[in-house]
Amino acid sequence: MSWFEAKSEKAKIPPAKALWAVCPRCKSHFGKAVWKNNNAICPKCGYHGRLSARERIAQVADEGTFAEVFRAVSYSDHLEFHDASGAYRDKVEATIAKSGETESVVMGTARIGGHDVMLGVMDFAFMGGSLGTGTGERIARACEQAIAERRPLVLFSASGGARMHEGILSLMQMAKTSAAIARLKESGLPYISVLTDPTTGGVSASYAMLGDINVTEPRTLIGFAGRRVIENTIHQKLPDDFQSAEYLEKHGFIDRIVERGDLKAFIAKMLWFWGF
Amino acid sequence: MAKTAMDCVKLARDAKRPHFRDFIDLICSDFEELHGDRLVNDDRALVGGFAVIRAGDKPSEKDVRALVLGHNKGATVEENMSANFGMANPDGYRKAMRLAKLAEKFRLPVVTFVDTPGAYPGREAEERGQAEAIAKSLEFFSRLRTPIVVVVTGEGGSGGALAIAVGDRILMMENAVYSVISPEGCAGILWRDGAKAPEAAEALKITAGDLLRLGAVDEVVKEPAGGAQRNHRAAANAVRKAILAALGDLAKVPVDELVERRYAKIRSYGNFY
């Protein structure tokens, strides 16, 4: 019955990866060069796609002002975790070797529109931007350095959530980062949280949602539980714009949706308003 | 016979295990429940109120007035359905913070009983800011200016548990489990097979002994042989004793130092020093 199968086989064949970018939201195809030249923003629907941490830093920090810190702070493997695909240690070492990053958040001092800050940017390509002990440690240290040097904190989040492979210690990073941010706020310093696509799970349920202002880009996915998990729990279909930036703004949890190109100026302006 | 991690999971989820209301009945007197987040709702899945934690059967000066908070798992299906199986919505976390603020004001300690499969993954939960509520709770409890003792009594279901598990002394019952993700969830993702939950449970290191070794909890409270479900009274007595000992120690610490020590404790998770 091969002709029955032929149709579904055809649907399964993806476009040649080397040539095409597909918008995850509207599923339109574009040449990869088009996608890149548009700063990873979908020309059709305006979805703001993923940037690497370094790409983002280049767009947000004043040229030449970003100085990376805590690069030696990396993952821990207290669980000696193994799963069906092997050892966590091997997986993360391979990610480090391939990506050139040593954790899912890149941290440094920087200037944004002339304002001195601690700037942290997560990279979704590093193990899904997952929150591990190294990620949490970098964020906590950033808060402590921010307090010591009287710098505002600016964090760009992008994450699928806590890193399972580090178990309960990953979960505890939610508490650790939130506690560090609490202290930073008590010292009178600003914390601007920029939630980028996607910001979910243990990251949305900790530092990402604790900004003095929570800022995002158009059509970003932000949520706690996964859409499918929710649908399977409540046995209802969810609206198409569920867990989008616009949906969250409507429901009161986003201060401002900002176009990618305007983010740097917006952050600088808010810091200026607040006297930083 | 050595218990596997999955054995503990089964005990932690056992319908006959003592739940929050059982602990209140057995450990406390004078429990006065308070309702509402003062915004939209009263979450039946997370319960709170003031109570006297009794040192013994007769009133004594060793009794402690406290705010008690806990996930509300029921013993029957009906109870569970009205309490949403102990899975809190944002409203529950906001109620917890509201009540804890009262405890801080009146200088009473907070004792939390953690037993939840996780925060509720619902539509209204998302719309009312489930992520923000949990994040806010973590921030809030990290700075609360009164002692906090946490007891993980059953399932410590990830962020939904952690939101009321930030404290000065973290106790965990011997057969309780506490995890960043359920064994079934982890198996589905990392083994692509939900049936591998026992393997995932072992890998995740979710038992009380594991958590003690990892520094995530401070003390394991022993249960009656065979588990707490065999003898609620004995189980509750062990928990009572541990809570009162912790509260006694914490009462001696000036509050500024208390909050600093709590930060140092939370700060050290992951052991980078």
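1. A residue counts as buried here if 20 or more other C-beta atoms lie within 10 Å of its own. By that criterion, 49% of the 276 residues in chain A are buried. The model is a predicted one.

2. Chain A contains ten helices and eleven strands. Its radius of gyration is 20 Å, close to the 19 Å given by the globule rule for 276 residues, so chain A is as compact as a globular protein of that length. Along the principal axes, the C-alpha atoms of chain A fill a box of roughly 70 × 45 × 40 Å.

3. Chain B has twelve helices and eight strands, and 56% of its 273 residues are buried. The C-alpha trace of chain B spans about 50 × 50 × 45 Å along its principal axes.

4. Six of its eight residues are buried, so the helix is largely enclosed by the rest of the structure. The buried residues are Ala197(B), Glu199(B), Ala200(B), Ala201(B), Ala203(B) and Leu204(B).

5. Which elements cover the buried residues of helix 9 of chain B? Both chains contribute: the cover includes strand 4 (82-83) and helix 6 (167-186) of chain A, as well as helix 1 (5-13), strand 7 (177-179) and helix 8 (183-190) of chain B.

6. After helix 9 of chain B comes Lys205(B), which has a positive phi, near 60 degrees.

Terms used
Residues numbered from 1 in each chain as written. Chains lettered and ligands numbered in written order. Predicted model: local features only at pLDDT ≥ 70, side-chain atom pairs only at ≥ 80, totals over all residues. Buried ≥ 20, exposed ≤ 12 C-beta atoms within 10 Å, placed from the backbone. Helix = DSSP H or I, 4+ residues; strand = E, 2+ residues; numbered from the N terminus. Contact = placed C-beta atoms within 7 Å. Rg over C-alpha atoms; globule rule 2.2 N^0.38 Å.
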